[in-house]
Amino acid sequence: MNLIAAAIAVGLAALGAGIGNGLIVGRTVEGIARQPELQGRLQTTMFIGVALVEALPIIGVVIAFIVMGS
């Protein structure tokens, strides 16, 4: 049962990160298309957002290891 819980935790974390990254990058491209002069600022903000979203699967993997260990 612990193995299934770990797999679900990692899978949902990866799914959430994929959706989040898609939304962030898509909205950034829209913003750059509307205002090309803000490209640098928008990309910087995008990279910070992507980094924060990518922390989710890492936390999911840590939770999976904790669940498998107990």
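Where is the place of Ala64? Ala64 sits in helix H2. I will come back to that residue after the overall picture.

First, the ground rules. This is a predicted model, in which local features need pLDDT of at least 70, side-chain atom pairs count only at pLDDT 80 or more, and totals for chains, interfaces and linings use all residues. Residues are numbered from 1 along each chain as its sequence is written, and side-chain values use heavy atoms, with hydrogens and water left out.

Now the fold. The protein has 2 helices and 0 strands. Both terms refer to DSSP runs, numbered from the N terminus: H or I of at least four residues for helices, E of at least two for strands. The radius of gyration is 16 Å, well over the 11 Å that the globule rule gives for 70 residues, so the protein is more spread out than a compact globule. That radius is taken over C-alpha atoms, and the rule is 2.2 Å times the number of residues to the power 0.38. Along the principal axes, the C-alpha atoms fill roughly 50 × 15 × 5 Å.

Next, the surface. The accessible surface comes to about 5,000 Å², and 74% of it belongs to carbon and sulfur atoms. Areas come from the Shrake-Rupley method with a 1.4 Å probe; for residues, only the protein chains shown count as cover. Of the 70 residues, 19% count as buried. Buried means under 20% relative accessible area, exposed means over 50%, and partly exposed lies in between (1.4 Å probe, protein chains only).

How do the helices pack? The axes of H1 and helix H2, residues 39–69, come within 8 Å and cross at roughly 175 degrees. That makes H1 roughly antiparallel to H2. On the method: axes are lines fitted to C-alpha atoms, for helices over the stretch in contact, and angles run from 0 to 180 degrees between N-to-C directions. Under 35 degrees counts as roughly parallel, over 145 as roughly antiparallel, 65 to 115 as roughly perpendicular, and the rest as oblique. By class, the contact of H1 with H2 has 20 nonpolar, 10 polar and 1 charged residues. Nonpolar covers Ala, Val, Leu, Ile, Met, Phe, Trp, Tyr, Cys and Pro; charged covers Asp, Glu, Lys and Arg; the others, Gly among them, are polar.

Let's walk through some residues. Contact lists here leave aside neighbours up to four places away in sequence.

Back to Ala64. Ala64 is buried, at 5% relative accessible area. Ala64 touches Ala6 and Val10. From Ala64 to Ala9 is 55 residues in sequence, yet 6.2 Å in space, C-alpha to C-alpha.

Gly60 is also in H2. Its relative accessible area is 7%, so Gly60 is buried. Gly60 touches Ala9, Val10 and Ala13. The C-alpha atoms of Gly60 and Ala5 are separated by 11 Å.

Over to H1. Asn21 lies in this helix and counts as buried, at 15%. Asn21 touches Val50, Val53 and Glu54.

Gly26 is partly exposed, at 32%. Gly26 and Met46 are 9.9 Å apart, C-alpha to C-alpha.

Last, Thr28. Thr28 belongs to H1, which spans residues 2–34. Thr28 is buried, at 10%, and is in contact with Leu42 and Met46.

Terms used
Contact = heavy atoms within 4.5 Å.
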